Amino acid sequence: MANSIHIVVEPRKTDEAAAPASSLLTRVNAGYFTICLSLGAQAVLLNTLISDNDRATTKSPIVVADRVLGPWAVLMLWLSLCTLALISCLYLLRCCFHLRLVKAECSDRVAVNFLFVPWISWLLLLRAAPHRVLARLPHEVLLWALVAPIVALDIKLYGQWVTSEKRSLSAVANPTSHLPMVGNFVGAWAAAGVGWRETALCLFAVGLVHYVVVFITLYQRLTGFRAALRPVSFLFFGTPSAACLAWSSISGGFGVACKMLFFLSLFLLASLMCRPAYFKKSVKKFSVAWWAYSFPVSFVAVASTQYAEEVKGAAAGGLMLLLSSLSLLVFVAMLILTALNTDRLLRQNDPSLSFT
Amino acid sequence: MANSIHIVVEPRKTDEAAAPASSLLTRVNAGYFTICLSLGAQAVLLNTLISDNDRATTKSPIVVADRVLGPWAVLMLWLSLCTLALISCLYLLRCCFHLRLVKAECSDRVAVNFLFVPWISWLLLLRAAPHRVLARLPHEVLLWALVAPIVALDIKLYGQWVTSEKRSLSAVANPTSHLPMVGNFVGAWAAAGVGWRETALCLFAVGLVHYVVVFITLYQRLTGFRAALRPVSFLFFGTPSAACLAWSSISGGFGVACKMLFFLSLFLLASLMCRPAYFKKSVKKFSVAWWAYSFPVSFVAVASTQYAEEVKGAAAGGLMLLLSSLSLLVFVAMLILTALNTDRLLRQNDPSLSFT
Amino acid sequence: MANSIHIVVEPRKTDEAAAPASSLLTRVNAGYFTICLSLGAQAVLLNTLISDNDRATTKSPIVVADRVLGPWAVLMLWLSLCTLALISCLYLLRCCFHLRLVKAECSDRVAVNFLFVPWISWLLLLRAAPHRVLARLPHEVLLWALVAPIVALDIKLYGQWVTSEKRSLSAVANPTSHLPMVGNFVGAWAAAGVGWRETALCLFAVGLVHYVVVFITLYQRLTGFRAALRPVSFLFFGTPSAACLAWSSISGGFGVACKMLFFLSLFLLASLMCRPAYFKKSVKKFSVAWWAYSFPVSFVAVASTQYAEEVKGAAAGGLMLLLSSLSLLVFVAMLILTALNTDRLLRQNDPSLSFT
């Protein structure tokens with residue numbers, strides 16, 4: 001274990017030293033898509049809350065809130081689209097002018113997982129988009145274009161774990177390793193949404209198997225990753241919620257398996273909430289990695305709305321309200337923090353996710 | 001691995017040396033609750049056998065045995081209640097006067113798991129109690145009071161595995177790590193019994209996920225735990241049986257998943273039975289840890305009665321009889337051994353589970 | 001890890017040195033049954049294709065191919081039977097005259113897994129045999145005689161993983177560790193075929209649990225096994241297909257769980273296909289281990305026929321055709337290679353699986 005810490009920490013230091021005066025393109029790595037992911041998750045959450053109210057109409061006392069949520073959801077959608085388009089363009093430029101950096105991301109055990117984030121963000125945006133907009137889009141083509149890269153990356157990454165001795169899972173596992181599975185689950189969710197049941201099941205099956213593998217590996221030995229990446233630990237409870245949403249969409253209902261995944265999420269959320277000390281080290285200096293605090297909470301909140309719909313009752317409704325508020329709170333806090341730290345995000349070098 | 005053995009063995013030796021003349025309270029650690037657990041499991045088994053006969057009435061030839069089982073079940077219930085009350089009082093006193101020792105238990109990788117045993121024992125007692133007694137008790141309040149500590153301990157323990165580097169699962173896993181999951185499963189069983197389906201499902205989901213994690217970790221590397229603790233290895237087959245009972249109670253029937261868990265129990269039981277050499281080292285000197293031989297067999301026996309009820313047939317009935325007899329045999333043997341070794345249990349220092 | 005490689009490589013070298021002039025019997029180890037397994041799997045595949053056409057009769061355009069497949073299937077069955085009888089006899093003689101070698105196989109971490117192969121081969125042959133032949137055989141007695149050794153070996157092997165420190169799973173896991181589970185799954189498949197539902201479920205449950213354990217262990221650390229054994233890595237995708245066939249037979253349909261196992265197979269197949277470099281080292285010199293390339297593909301092909309039957313559609317049908325052709329291609333290639341290298345297989349010492 002001492003050895004694995006050593007491996008991780010050393011190259012990082014030299015990286016920082018070697019890249020003191022880098023341009024914007026050298027700084028905007030795949031990790032920046034986490035911002036888009038959080039925006040997209042928030043848009044999906046607002047969408048779910050509104051359509052939930054649509055169904056439950058007059059019964060719910062939250063109906064009044066719809067007038068507030070409606071415009072907020074539209075705003076989120078546009079904000080999400082613009083940010084995603086902007087960062088996608090920047091990243092494309094980075095691919096053209098700094099291919100070396102992108103290759104470095106591909107071979108880094110942490111950064112490679114963030115390569116799944118752009119596709120997840122676009123999928124979430126597709127999910128959050130209103131039906132009348134989607135009807136005009138070549139929906140199926142778009143879905144293929146977004147799911148195919150996830151499958152290709154899956155084959156590259158998961159295969160590497162099995163066949164490569166240097167990049168074996170026990171050596172590379174870290175909380176960001178949840179991101180590929182989130183990719184599979186969100187892909188399955190989107191595919192099930194348009195009725196591609198077999199594709200959805202395939203994505204879900206591959207994701208679930210590898211989720212179990214990664215979950216157990218992380219439980220057994222969670223060492224040797226930088227304190228700056230600790231926000232990503234929130235994926236511990238975000239991933240089962242994503243799985244829960246995908247399965248509920250595939251099976252066409254919020255059954256026992258969905259509930260179990262949701263309860264697992266809740267337990268892991270409670271477990272991390274009870275450990276503020278664990279996140280202490282990572283909250284000293286704002287970095288783009290902090291955005292990983294936001295979208296896992298949104299995923300749990302979306303799952304809780306589905307749970308509340310299924311179970312009905314004060315406890316489930318309260319839980320939904322609590323988690324939705326928490327999600328909003330974390331999101332707004334991130335927005336404000338990002339606004340206050342734009343300078344650091346865009347001009348200074350982010351040590352937590354930078355590559356030379 | 002050599003390292004992990006080292007870590008475990010050393011503090012033990014100094015403990016023993018430092019506590020030569022300890023009082024009764026310093027000796028009665030949480031491990032003593034295993035006795036209550038075995039008594040409770042036996043009471044539940046007898047209860048199940050009787051109520052089974054009730055349902056199958058005249059058909060079964062064992063009906064005659066009911067006259068024997070009835071009083072024996074009542075006796076077990078009282079014995080269980082008295083022992084549990086006695087040890088609970090002793091342990092409460094220990095908490096008051098030797099808080100340092102209890103804290104030492106909390107931070108020991110083996111002893112911390114035994115902290116789940118008191119709650120499991122009380123839950124089993126509640127399960128074994130006749131309905132007319134339960135009707136007079138504030139059943140739901142009691143259940144909350146017993147399940148809440150299990151959840152709290154879960155959050156403390158499982159969270160520690162994920163976030164702490166020193167106490168990561170691969171460093172602390174040992175057969176007693178099954179006890180927290182047994183807590184979850186027995187809690188789920190009890191909750192499902194009173195109709196709290198969501199609570200039961202939540203406890204079961206959390207328990208199952210961590211059971212898979214611990215099971216795989218133990219399968220991969222079962223090293224570095226004291227030979228004196230080998231009786232606890234019986235939990236290998238006791239835990240899936242507990243899961244089986246919980247799931248059968250939640251799903252309201254003994255379905256495919258229950259059967260699979262039951263067969264897993266049987267296989268692991270057969271597997272351990274074929275390895276007498278493995279238990280050789282631990283059977284030299286009687287210790288309170290020996291009581292861990294009893295309750296896992298009782299759990300399998302209870303599961304086998306449910307299996308026999310579901311499947312019906314000579315093989316299933318024979319299996320039920322065999323396992324029930326085995327459970328009774330082990331239990332009576334433990335009773336006799338304890339009676340013969342009361343002096344050692346209460347006056348001498350038990351090296352296998354003592355804390356200074 | 002360096003340590004585990006060391007352990008494996010050393011005894012091998014001394015083995016080779018010590019057995020320069022060995023007879024045929026010293027060379028025919030349990031690994032040679034892989035040939036029979038591949039023949040059997042091919043026979044089962046042909047059988048499935050034919051009976052599939054029977055059911056789909058006139059609709060399918062492949063009906064014409066039936067006239068080709070029919071005789072080919074009968075030929076395969078006879079070839080399979082003869083080869084299996086021949087190698088079984090040779091191995092029995094080996095047991096009589098070179099018991100020391102057989103014992104060495106039992107204690108080798110790789111060879112011990114091949115001891116499951118004879119029983120799997122016979123079970124497959126039983127499965128591929130036509131109904132009118134089976135009706136004349138004491139089918140149930142045969143099944144018991146074939147399943148019992150698998151269970152006995154399971155208890156020996158899986159128990160060793162848990163209780164032995166030297167032979168713990170993390171030390172002995174290698175791709176051949178999939179073979180015991182294939183044994184369980186094929187056993188469950190056969191048992192479900194004759195209506196022994198409980199036996200099938202028991203074999204399946206035990207197999208599935210240990211499959212999960214082995215799968216995760218192999219994903220975490222696939223090191224320290226000889227390059228010559230890399231063909232056995234094909235079991236990565238062969239095992240879930242075997243599980244899929246067993247479960248489809250037990251549950252009486254190709255449900256969601258079967259589909260998920262099948263998709264897992266497909267993904268792992270694609271994952272390995274994209275890594276030709278991984279198999280480079282192992283394809284320099286033909287050895288009997290190459291036969292492990294054949295039967296996993298056949299298993300996936302059989303699963304794909306069932307999938308095509310369930311889903312219906314061009315994609316599923318095309319997949320079935322593709323996988324069946326691939327299976328046939330690999331099989332014929334192996335036949336030709338074996339014919340060309342008979343001398344090496346029977347006269348020279350095979351370093352990949354030899355024991356002194």
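Q: Which residue of chain C forms a salt bridge with B:Lys259?
A: This is a predicted model, where local features need pLDDT of at least 70, side-chain atom pairs count only at pLDDT 80 or more, and totals for chains, interfaces and linings use all residues; side-chain values use heavy atoms, with hydrogens and water left out. Residues are numbered from 1 along each chain as its sequence is written, while chains are lettered from A and ligands numbered from 1 in the order in which they are written. A salt bridge here is a side-chain nitrogen of Lys or Arg within 4 Å of a carboxyl oxygen of Asp or Glu. With its closest N and O atoms 3.0 Å apart, the partner of B:Lys259 is C:Glu198.

Q: How many residues of chain B are in contact with chain C?
A: Contact means heavy atoms within 4.5 Å. Chain C brings 30 residues to this meeting, and on the chain B side the number is 25.

Q: What area do chain C and chain B bury between them?
A: Buried area is the accessible area (1.4 Å probe) that two parts lose on being put together, summed over both. Carbon and sulfur atoms account for 70% of it here, and the total is about 2,400 Å².

Q: Which helix gives the most to the side of chain C that touches chain B?
A: Helices are DSSP runs (H or I, at least four residues), numbered from the N terminus. Helix H9 (139–163), helix H10 (169–172) and helix H12 (197–220) of chain C each supply at least two residues. With 15 residues, the top contributor is H12(C).

Q: Which residues of chain B lose the most area to chain A?
A: Chain B and chain A bury about 2,400 Å². Together 25% of what the chain B side buries comes from three residues: B:Ile155, B:Val162 and B:Thr163.

Q: Why does the salt bridge of A:Glu105 and A:Arg94 tie together parts that are apart in sequence, and how many residues apart are they?
A: The closest N and O atoms of A:Glu105 and A:Arg94 are 2.8 Å apart. A:Glu105 sits in helix H5 (residues 99–107) of chain A and A:Arg94 in helix H4 (residues 65–97) of chain A, so the pair links parts whose separation in sequence is 11 residues.

Q: How many salt bridges does a search of the whole structure find?
A: Between chain B and chain A the count is one, formed by A:Lys259 and B:Glu198. Chain C and chain B also have one between them. Over all chains, the search gives six.
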